[in-house]
Each structure stands twice: as structure tokens, then as C-alpha cells.
Amino acid sequence: MSRKIKMGMIGGSLEAFIGAVHRRGAALDGEVELVCGAFSSNPEKSKAAGESLYLEPSRVYGSYEEMILKEKELPEGERMDFVSIVVPNHVHFPAAKFALENGFPVLMDKPVTLTTKEAKDLKVILEETGLLFALTHNYTAYPMVKEAKQLIKNGVIGDIRKVIVEYPQGWLYNLVEGTGNKQADWRTDPERCGAAGGVGDIGTHAENLAEYITGLEITELCADLTIFVEGRRLDDDANILLRFNNGAKGVLHNSQICHGEENDLNIRIYGSKGGLKWRQMEPNTLELTNQDTGSRIIRTGVGQLSEHAQAHTRQPAGHPEGYIETFASIYRNFAMALRHSWGVAADKSATGGLGGGKADGSYNPEIYDFPGIDDGLRGMGFIQTVVKSANDDTTKWTKFEI
């Protein structure tokens, strides 16, 4: 099969932020092309987005149901191969369910659904259909995050004792949702966002990053949620103590009211032999710390890095691997998994760590990984447990449950 994989998109109108990010990421490696979309529940807005993207007018739809049913009627090779879902949280489950039940794999923005029950139901549908599913916890795709995970897996910092993960932002320091800001409006609306605000929006990224790098799972937590901005309906600040399944302790802090903060997701992990530090705003740098021998700076593209890091490195050393590239890696890896599931290897080698399945048909999902439904379930369990803990003044520790 010597063609690009064809993508349809649900959401991502001209007013949206994340849709454009997904489209840029999907296109970066030349493996995926956008062929159709239902970009808004408003048919006129969907049409306008389609025109701006130079799509055939007949492939721009007024609803996701129309898109899925009409694309399904097209010949194989012409119709879309999978669906990218980039809508507010309350549409995630019905859109994914409809796509999967009509035979289309799904790649979706996080968090996975509006409720934990929906996430559980979605997993059942995935098990029944056997179709692929990816979730864009994109920060796990940075090369130095891959490297940190492998260093821990290889025992370099020993047994993990403490994890500190933070995600501060400042953009919701006042009642932005009252100014007509679309992105703030739905993220602070319980009906469209879910049970938590900042915790669901960025706290789940922090939770996912901590569990992904360490390979551990949170078992208990103690949460304090606050709504600082008067008139807001969902949390804008969270401070959470964590317990992990190996006995390690942790702290997770996320906030959207920290003046001057941008997207400073960062993590520090300390073990019995050393520690690791990484910041999303300086993504090419990973610091390996040791009390006796001093610190070592590890840089993207320099030295003998793991195959996992190399497979997600696109630029020569000194050229930052950025935010768009993390989405690109998830889309590329998902495309590789699709080709593999079809029994077709991409007709190229993984030169420079890139490309699809090798010409001999080999494909290593552990190297070319991407978040899936289980990561989504963990995220929903995190939201559910944090809210439960924050609302219970009688219990210090709340068991992590999905």
C-alpha cells in the first residue's frame, strides 16, 4: 500500500486551538493526510473550515454522524482510514462510539471521556471491535521523556522514592470565561468539561507523565482543590499528595491561576541511586542527578541515547524538539500501528529513527508506543479520586479507583 493514511476529523473549526495542533502534527511526517471533516456542529462553520483547508466540498460534513456514514459508503482506499476527535470532552464518547461501531479506528484528544463510566464503556467497545485507539497525552512523546523512562527501567536511579510533578499555568487568573473566550468557556463548564476543571485539563497530563516515566501507579491520594476566581464553577488550583504502588511518595500540583506561568509541566524523580529532572519548556534537556558524583546533563541527539529516544528525535542536536513534534510522533506511531494491523509494512526503513514499519515487516510497539484506552481510564480514575478526596473532609487518604 503505497499511499498516505487518510484521516477524518471531528471538531477543529477555525475558532478551535487544538484542532490546528493535531492537523500540523498529523501532517509532519508525511504518513497521514486529512481528507474529510465535520469541523463544527454548526454546518456553516464546518464548511468554512473545510474551505480554509482546501478540502473537497463533498467531504466536508455538517455532523460527525453524517461524515462517518457517508465515508463508510466510499470505496476502500478512498474513504477515511481513521477518525481524529478534537472536540470538548462531552462529545468524546458518543463520537468515538459511533466511529468504532462503524468500523473506524480512533485517535482522540484527552481526557478520554466526560465520565469514568463512559471510559469503561469505551474500553468494552474497543475490545468488541478490535480496532485501534490512541489518546494524545502528547508529552510522553518527547525524546527526553522516552530517555528518562528507559533510564529508570534500566535501574540507573535505583528504587524510586519520591516523585514531584507540576503543571502551572496563568491564563485563567481572572474570569476569562466571562469574556467570550471559547477555550475558557467549555473548560470551566461542568456539562462539557466534566467533574473537574484544571485537574481534568492539565492535572491528567501531570498524572500521566508521572506514571509513564516511572512505570508506577498511584494507589492513594490526598487532594485539596480550590476555585480561586469568583464566579468560576470548576477548580482552578490543585495540590495533591500521592502514594505509589512501590511505596514511593509524591506531590502533584496543577494550577491555572499562577500569574506569568505558561505551560511549565515539569517532573523530578528521586531514587535510591540518583534522580532525574525534566521541564517541558526546556524539552531537549534531561538532568541526571547524584549526590556523590554530581549532575550530568543529557541532551536530545547527543551521545548514546536509547533507541526509544532516537526513534522520536527528528532534529540535529541543538534544534529543539517541540510541542508539534510530540503530536506528530503519536500520529506517526498510530499510523505505523495501523499499517501493521493491516499486515502492510511502510516501504521505507527507519532511517534516523523515523519512518514506518521496516521493509522486512518488523514493527516494535514498545519503541513506537502511544497512549491508549488504559491511560485514558487511569486519567478518569485520577479525576474521580481527586474530586472524591477533595470533597471528603473526614478521610486523609482516598484509594485510587477506576
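Mentor: In the predicted model shown here, Met 9 stands opposite Gly 37 in strand β2, and Met 9 also stands opposite Ser 84 in strand β3. Residues are numbered from 1 along each chain as its sequence is written. Because this is a predicted model, local features need pLDDT of at least 70 and side-chain atom pairs count only at pLDDT 80 or more, while totals for chains, interfaces and linings use all residues; side-chain values use heavy atoms, with hydrogens and water left out.

The strand to follow is β1, residues 5-11, where strands (E, at least two residues) and helices (H or I, at least four) are DSSP runs numbered from the N terminus. Strand β1 is mostly covered, with 7 of its 7 residues buried, that is, under 20% relative accessible area with a 1.4 Å probe, protein chains only.

Two strands pair if DSSP finds at least two bridges between them. On this basis β1 pairs with β2, residues 32-38, in the parallel sense over 6 bridges, and β1 is joined to β3, residues 82-86, by 5 bridges, these two strands also running parallel.

Helix α1, residues 18-27, belongs to the picture as well, since β1, α1 and β2 make a right-handed β-α-β unit; right-handed here means that, with the strands pointing away from the viewer, the path from the first strand over the helix to the second runs clockwise.

How values were computed: Buried means under 20% relative accessible area, exposed over 50%, partly exposed in between (1.4 Å probe, protein chains only).
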